[in-house]
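Hi,

Here is the structure I promised to pass on.

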Amino acid sequence: MTNLAIFDLDHTLLDGDSDYLWGRFLVEQGMVDGESYEKQNHEFYLAYQAGTLDIDAFAAFSLKPLTRYEPEQLYALRQRFVREKIEPCVSAGTPELLRRHREQGDTLIITTATNRFITEPIAALLGVPNLLATDPEMLDGRYTGRLSGHANFREGKVLRLRAWLEQHRILPAHSTCYSDSHNDLPLLEFADTAVTVDPDPTLRAEAQKRGWAVISLRAA
């Protein structure tokens, strides 16, 4: 039996969206067509905020650039991305929140719809050992542009979490979940304690209705 501390990543532990920032970073590096890619990236971002995102269409869009380069080149680029774009947008209150759960002996998990290529080094940066993310497929050492398994999104986050707990033979005594987004309502409903973090308007209204805590990590 263990206590779980489950964290969404983008706009929760980060004051920004890592997937969106990666897209803009690719544009800055001249690795994708700037105007059209930026337009599509922004449209998908707005759809996510509105709760209308087609996750499969977005995955096809966001993973396609990975197919054009050798993994070694991508990993080197990713190091720069994390250093230049992610480190500055870790929310001010994130380190203290994570430290508190570690000291309590909780099992820390980041669960994110953003793909593992982007988020794996971010989880390492934050010192969170367990990551549930949307997994890009690799064949013969190259990214294919397709998904491996189900996207870790909306109800998929609960399905993937249940599977992870079963795989690791973990029976949680108590689970606390942190998220900013109404897209994570299934995950927040799954948790014993739901904490909304700088929530979007839809989630804030839901938190007020359900009596869920509302906190800010940005203002810490």
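Predicted model: local features only at pLDDT ≥ 70, side-chain atom pairs only at ≥ 80, totals over all residues.

Which residues line the largest pocket? They are H11, Y45, Y48, Q49, D180, S181, H182, D198, D200, P201, T202 and R218. Two elements give two or more residues to that lining, α3 (34–50) and α10 (201–210), and α3 gives the most, with three. The pocket's volume is about 160 Å³.

Residues are numbered from 1 along each chain as its sequence is written, and side-chain values use heavy atoms, with hydrogens and water left out.

On a 1 Å grid over the protein atoms alone, a cavity is a set of points where a 1.4 Å probe fits but cannot get out; a pocket is an open set with protein on both sides within 12 Å along at least five of seven lines, and lining residues have an atom within 4 Å of a point. Volumes are the space filled by probe spheres set on the points, joined across faces, edges and corners. Helices (H or I, at least four residues) and strands (E, at least two) are DSSP runs, numbered from the N terminus.

There are two cavities of 30 Å³ or more. The largest has a volume of about 210 Å³, and of its 20 lining residues D17, D19, Y48, F58 and T114 are the closest to its centre. Again α3 has the largest share, four residues.

The second largest cavity is about 60 Å³, with α4 giving the most to its lining, five residues.

Cheers
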